[in-house]
Amino acid sequence: MYSFRQISSSDYIDVEMMLYGKGFYNSQINSTGRPFLSPVIELLIQRSAGTKSPAEVEKEINSLRSEDVRADFDRYIYGNSVSQQYALSLRGGSNMMAWALSAGFDNNSSSLDETYKRTNLRFHHNLKPLKDLQITTGIYFTRSNTGSGKPSFSSMSFKAGGAVHPYASLADEQGNSLALAKTYRQSYIETAGAGKLLDWKYYPLEDYKHNTNIINLQDVIANLGINYKLFDGFNADLKYQYNRQQTEGRNLQDEESYFAREMVNLYTQINPSTGAITYKVPRGSVLDTKNALLDAHQVRGQFTYDRNWKAHALTLLAGSEIRHAQNNANVQRVYGYNQNILTRGNVDFTNPYPHFITGSSDLIPDLSGMNETVNNFVSFYGNGAYTWQDRYTVSLSARKDASNLFGLKTNDKWNPLWSAGLSWAISREEFYKWDRLPYLKLRASYGFSGNIDPQKSALTTIEFVSGISPYTLSPYSRFNNYANPSLTWETSRMVNIGLDFMAVNNRLTGSLEYYTKKGSNLFGNSSLDYTSGINSVIRNVASMKGSGADLTLNSLNVDSKFKWSSHLNLSYNRDEVTAYYLANRVGSNFVGAVPRIAGIEGKPVFSIFSYRWAGLDPTTGDPMGYVDGTRTKDYTRLTGNSTLIEHLNYHGPALPRWFGSVGNTWTWNNISLSARLTFKAGHYFRRSSIQYFTLFNNNKGHADFNVRWQTPGDESRTTVPSMTYPLSSLRDNFYGNSEVLVEKADHVRFQYLNLGYALNKSQWKSLPVKNLNLFLNINNLGVLWTANKSGIDPEYGNDTFTLLPAKTLTFGLRTNL
C-alpha cells in the first residue's frame, strides 16, 4: 500500500485549512447540491458558526494528522492472494482408435477477495475405420465464474472524481466499520428528510458485502475433421468447428447497499403537508443483468500433396475457409428487486422527476438495451515448398481474404496477401568444414499480411437507444459509424532474414534474425468539412515502417553431474511514422500522462514530448519555460495554440527499443534452480508529481508536495513548484508536461526464481507413480536497477495511485502415473 506516493495527512490538512481561509470552499458550502466536504472542512465550518470552540476544532484536527488511510486499507481491505491450479490428463487407444481426456480446475482469490474459478474439460478422439480414412472429433468445454470483492484504493471515490482523503478512517480502534459521507455533505444527509429517508451514509467495510457482481462464462468448442488419402502423398482434409460462448453477468446491489439507498433517496418525494412518502424508485435491490451469446461456425477444406523422391521434396497445400460469427447481447436494470420472492418494482422511465437535493428534474436511469452483430469472413489460400538435396528450399504462400465490413464494391471487400521464402542449409554443403558449428542455416522471407477492425464499417450505422431523450422526452438514436465507402484492409509488408546455428553436442544453439516491416493503408483520423456535422472519420490514411533484430542463445555451460545452462533473448525494434494526417500541430495535443499516438512523420508511433523547462523562479517558485528562446511564466503562451510540436522537446520513444531476458538453470542430482532477469531499455516515461488542481479539487495529492519550493534558494534543491492561490490550471499543465518530469525508463527486473525437486521410480522403487516433480516459484521479485535517479519503477511511474504488483509464491506438484 505504501508504494502509493501520496501526500501526508498533515500536509493535506494544512492545504485544506489554507483553502478554507481563502474562501475556496464557499461555493460548495453554499451550493444547493450539497456536495461532499471533508471532515476537516466540516469542523472549520462549525468553528466559524460558533457551534464548536477553536480549541475543540484544533484538537480534533490534530488527531486526524496522524491518521493514514493507507494503513486501514492495508489492515482491512488488502490481503494475500491465493491461486490454485489442478490438472489431469489421460490417454489411451490402439492403432485404429486413440483418445485423450484432460481436465483442469483453477481456484483463485485476489488480494481484494475477488474470486475466479475455471473448469476446463477436453476430449479428443481419433478413429481410423479404413486404411486411408481418418476421422477426428474433439470437444472443449470451459466454465468460469468471476466474483467481485472489496473496493480497491483507486475505486473508492468521494465526490465526483475525488479520491478518499488521506486521513480517513475506515474502522474504529475495535475494528468496527465507520460511516463516512460519500457524495453529499455529512451534516446534510444526517438531517435530510427529517428521518424519512433511508440511511445515506457510506460504510466502506460493509458496503462491498451488499454488492455482488458475478460473471459466468460457458464456452463450448466442437471440432470434426475428416482426412482421406486419395493416393500416395495426396490428401483431402475437411474440418468444421462450432463455437458457442455464453456470458451471463449479474450485478446485484441489495437494499442495504449505498447505491440502492442513494437511488431511492434521490427520487423520494415527501408531501410537505402530510409527510406522506412516495418512492419513485421503489425500495429494494437494484439488479443489473447482461447476457451475451456468441454463435460461430467455421468450415475449412483443403488438399495437401507431400512427396519425397531422390534429391527432391515437394509440399503443396490449397484450401478455403469460411467463418460466420453472430453476437447477441442484452442488458437490463431492475429496481425494487426482491431476490427471495423474485419480484420487481414498477418504474416510470418516460417522465422526469425532481431530484431530492437540487430540485431539478431528471429521468430515472434506464440501462436496458440490445445489440446484435454479424461478421462474415471468407479466405482462399495456398502454399507450397520445394527442397533440393535437403539444402535449398523455396516456398510460396498466397491467400485472399474478404469481409462484410468493407467497401460498397465487391472488389473492396477482398484483400490479396502473399509471401515467399528461401532457405539454405549451409552446413550441408561439401565446402563447409567448420566442425565446431555442425549446423548452420540461412533463411529469408518476404510477404504481406492484412488486418481489420471489426468495429469499423464502410456504411453508416445507427444505434437505436433504449429509453427516451432527456431533452425531447421521446425515443432517439445516434450514429455509430459514418459512411466510409473507401475503407479497406490495413496492409503490412515484411522482410525477414534469419540464421540458425548449433555447436557441437548442442553446447550452443540459437538464432539471429533481422526484419523490416512497412504498414500501409493504416487506420487514422481524417478531417471532414465541418459543415457535415462531424470533424473526422477513420480512413486508410496512415503508414509506418519498422525494423529490428532478435537474438536467441541457449548454452550448456557445464554438462556433468552438475549441469548449468543459460538462455538469452535479446530484441531490438525501431518504428517510425511515414505518413499521418494531423488536424493541427498544437503542442498540447502531444503531451500527457499517458503516451498517445504522436503521428509525427519521422518519429516513433508512441513518442514522448515535453515543454521545455527553464527552472523555477527564484523569488516565487513558479515553473518557467521558453518562448522564442526567452524564459517566461506566460503559461497561456507556453501551453496554448502558439506552442507547436516543433517547439517541444522530443525525448524518444515511449516503448522500449531494447528488451529481453536472461535465464540460468542449475541442476544437481534431483534438484534444479532457475532464475530469470528481464530488461527493457531505450525508452522514456513521464513520472507523476504534484498537481495542485487535483489536490484542491479531487483530494489527490502527491508526496512531492513535501519537497516543493517554499522559500528563495529552494530552487537549488528541488524542481517542484510552489503552491499558489488562486490556482492556475495552465501552470499545473505546464509543469506536469515539462521535460523535468521525463525520465529514462531503462530497467532490469528480477522476474522469477524457481526451485524444483524431481523423483522417478527408477531412483525410488517404492514410489507409487512413474515420476514426481515438486517446485517452488517466487515471481515479481522487483526492480534491481533503474536508469532514473528517483528509483521509480518505470512500468508504474506515471500514476500516483498505482499499486505495484505483489510478489507471488507458488507451490506445485506434477506427477505421471
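Asp-207 is found in helix α7 (residues 204-207), where helices (H or I, at least four residues) and strands (E, at least two) are DSSP runs numbered from the N terminus. The model is a predicted one, in which local features need pLDDT of at least 70 and side-chain atom pairs count only at pLDDT 80 or more, while totals for chains, interfaces and linings use all residues. Residues are numbered from 1 along each chain as its sequence is written, and side-chain values use heavy atoms, with hydrogens and water left out.

Asp-207 is buried yet has no salt bridge. Buried means under 20% relative accessible area, exposed over 50%, and partly exposed in between (1.4 Å probe, protein chains only). A salt bridge is a side-chain nitrogen of Lys or Arg within 4 Å of a carboxyl oxygen of Asp or Glu. For Asp-207, the nearest side chain of opposite charge belongs to Arg-261, 4.2 Å away; Lys and Arg count as positive and Asp and Glu as negative, with His and the chain ends not counted. A polar atom of the Asp-207 side chain lies 2.6 Å from the backbone nitrogen of Tyr-258.

Turning to the whole protein, the secondary structure comes to 12 helices and 34 strands. The C-alpha trace spans about 105 × 75 × 70 Å along its principal axes, and 37% of the 817 residues count as buried. In helix α12 (residues 729-736) sits Leu-730, which is partly exposed at a relative accessible area of 33%. The C-alpha atoms of Leu-730 and Thr-639 are 7.0 Å apart, although 91 residues separate the two along the chain.

On a 1 Å grid over the protein atoms alone, a cavity is a set of points where a 1.4 Å probe fits but cannot get out, and a pocket is an open set with protein on both sides within 12 Å along at least five of seven lines; lining residues have an atom within 4 Å of a point. Grid points are joined across faces, edges and corners, and a volume is the space filled by probe spheres set on the points.

The largest pocket holds about 1400 Å³ of space. Its lining has 44 residues, and those closest to its centre are Ser-83, Gln-84, Gln-85, Thr-810 and Phe-811. Strands β1 (82-93) and β34 (808-816) are among the elements that each supply at least two lining residues.

Strand β23 (residues 607-610) gives the most to its lining, with three residues.

Definitions and conventions. Polar contact = N/O pair within 3.5 Å; in protein donor to acceptor, adjacent residues only side chain to side chain.
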